[in-house]
Amino acid sequence: MSTKRPIDVAIVGGGCAGISAAFELTRPEHQGRYRVTVYQLGWRLGGKGASGRGAADRIQEHGLHLWMGFYENAFRLIRECYAELKRDPATCRIADWRQAFTPDPFNGVMDWSPRGEWSPWTARMPPFEGLPGDPGNEIPRWTIADYLARSLELVRALVVSAQQTVTGTAPQAPSAPVGAGSPEALLEAMSRLLKYGQLATLAAVLEALGLMEVALATLRRYPENLLLRFHDTVAAALREQFVKLLEGDDKLRRIWEIVDMMLAVVRGGLRFRLLTDPRGFDAIDDYDCREWLRLNGASEGTINGAFVRALYDLTFAYEDGDIRKPRVAAGQGLRGAFRAFFTYRGAFFWKMQSGMGDVVFAPFYEVLKRRGVRFEFFHRLENVRLVAPEQLAPGERPYVEALEFDVQAQVVGGGEYQPLVDVRGLPCWPAAPDYRQLVEGERLEREGWAFESYWDRRKVETRTLRVGKDFDLVLLAVGGGAIPFVCKQLVERDERWRAMIERVKTVPTQACQLWLSESMSELGWHEPPINISGFVEPFDTWADMSHLASEESWPQPPAAIAYFCSVLRDVPEQERLRPAFPQDQHERVRRNTVRFIQKDLLHLWPKAYEDSGEFRWELLMEAPASREPGASAQGEARVSSQYWTANVNPSDRYTLTLPGSLKYRLSPLDNTYDNLTVAGDWTDCGFNQGCVEAAVMSGRLAAHAISGAPRLEEIVGFDHP
């Protein structure tokens, strides 16, 4: 039997990336080769995905979290986690991943009509084959040509839909593209349609779109300049046909915005030679997505329309948090949209049936504990210390010699902190630490120690971990916004790290949650439960989360629950250093919430207002423990009983995908430092956008960098074009 010492891995940060890496490194296949310790600020895991149970067991999130149907890596790991956990369904109401996540097909955007009013543009997304995270390699490996051909297929379907809307009948067109038999036949058909007057009918345009689909599938047989000329002719004919139909019809205008955008995407793919460029979508990442669409013929109405605006809102894609500065790299923008709309499985969105901490991080915590992972809570990283250059032998790579922490609190008796609470049989994270477990806990609670606040620098001791003694390898999985504060030596000595923090920017976000005594239909929303974006600031995205009422412990459950979120405009860096900054921002979001309720919710819930236009404040429900016995706030003051958050901590800031910035991201596979790798949605992970899937992909890549597993081809989407 081998007596070789396990390799000690220190994972700093317990968000999606760090936990995914821990899950991979402690798989049974490694036979205990890696001994993992997770070091975490405060009392809970989750990072930007952390949640907690507050008064009446209310779920309090950092923001609005929905999982998308293309999150193959995230779903694969959470499904494996639940399978290994083997909860008893007789005692735990969320024992399986299908009880933790349910399909959520009804989605929409808010559209500002030319008539001067907001109206919802909704769609029920059809289920696609399979389920996200299904084992095996059934996932098709899509190429850019496949995506563009699928785009044209969508255009054809939308054109048929528009014609049916106007006339009640579909245009006559071949059910399958003509010319698929041979390259010669296809060229002949394209030449025929290019002749003057041949595209004067919608039927001819549909035939031409079908020919383009076939040509894209076999691109190397056809000159790209011919395809581009053919595309431009077809697009011009289609535009002429649609102009006759659009006036005064919101439904047709919306269809045209999608058609116009798809035509611009196909044109750009041909014009920028994306189908043959080895860089794939990355070739256009120096352009902003709107800028690139404009360059390729999209109209201003499309570029500024609800659909494109919602794509920016969902990724907080506003530089400095300023809605006047929408910016997202065109290549990643297209990659994200194509993955979201064309590769989802089961459902477009999947909604969690409790808080994200409860259905994601509590199960991972329990499984990792069983595997022997140690969790060191209340550890705030202060410095990643590198070995001095003069101490390196010739040819030796630099390495991390120490990790310096401030210990925020100590556990009574010196044992491990037990972080979970039981909510009617479900292990959950509380919204505040259990002070009873902490040394001098009563004093810490009385003095209001804010363990998750960057601005609260209080500590009970310092702790330095040393290479060779306390760790062998470091996996840095903190939020991207924290890097300048904890990696000063790396930034000072390494130009790549310095360029990354200068170019890969982050923004704060804001969120609020409302609990209401009347149902959505009573409030005036007559559609099914929905996720909707593209609305007005300060909260441009809304999800109906009323299904969570039964998860909480109210004497009388809320009839409706609503979550809102959006970007929060940044302030000068110097102002962020003030001790009162987090409290000021918290108050700022409270005022935003009040203003949003007073002014903007009317467009979603018209019956929540009196005839005078005043919001019916009594609709907002107060949790019993959120007020003094017998007291009840009146009017606007009832907002104080709801929940809102300003995500301004460096580690909570959202990482942007700005044009020209992606080349500056660091990869988890980078081996410049002998014992250091990185993980997080701020890294170069193959899907460079702030989301759960990117963080999980990055964590899996970091595990591969350390152990060689999982294999790169098992990380779905890493080699995506």
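**S18 and its partners**

I started with strand S18 (residues 509-516), which pairs with strand S21 (residues 560-567) in the antiparallel sense over 8 bridges. I took strands as DSSP runs of E of at least two residues and helices as runs of H or I of at least four, numbered from the N terminus. Two strands pair if DSSP finds at least two bridges between them. Gln513 sits opposite Tyr563 in S21.

This is a predicted model, so I noted that local features need pLDDT of at least 70 and side-chain atom pairs count only at pLDDT 80 or more, while totals for chains, interfaces and linings use all residues. Residues are numbered from 1 along each chain as its sequence is written, and side-chain values use heavy atoms, with hydrogens and water left out.

Next I looked at S22 (residues 643-647), which runs antiparallel to S18 and is joined to S18 by 5 bridges. Cys512 stands opposite Trp644 there.

Is S18 buried or exposed? I found 8 of its 8 residues buried (under 20% relative accessible area; exposed is over 50%, partly exposed in between, with a 1.4 Å probe and protein chains only). Side chains in a regular strand alternate between the two faces of the sheet. In S18, Thr509, Ala511, Gln513 and Trp515 are buried on one side, and Gln510, Cys512, Leu514 and Leu516 are buried on the other.

**The parallel sheet**

I then traced an open sheet of 5 strands, with parallel pairing and the order S10-S2-S1-S16-S24. S10 (374-376) and S24 (676-678) are at the edges with a single partner strand each, so one side of each has no neighbour in the sheet. Neighbouring strands here are turned by 20° against each other on average, direction ignored.

Within this sheet, S1 (residues 7-12) and S2 (residues 34-39) run parallel and are joined by 6 bridges. Val12 has Tyr39 in S2 as its bridge partner.

**Helices**

H21 lies across S1, S2, S16 (473-476) and S24, at about 160° to S24. Axes are lines fitted to C-alpha atoms, for helices over the stretch in contact, and angles run from 0 to 180 degrees between N-to-C directions.

H2 (residues 72-85) packs against H21 (residues 692-707) at about 70°, axes 7 Å apart. That makes H2 roughly perpendicular to H21 (65 to 115 degrees; under 35 is roughly parallel, over 145 roughly antiparallel, the rest oblique). Which residues of H2 meet H21? I listed Glu72, Asn73, Ala74 and Leu77, against Val692, Glu693, Val696, Met697 and Arg700; contact means heavy atoms within 4.5 Å.

Last, I checked H6 (residues 202-217), where 14 of its 16 residues are buried.
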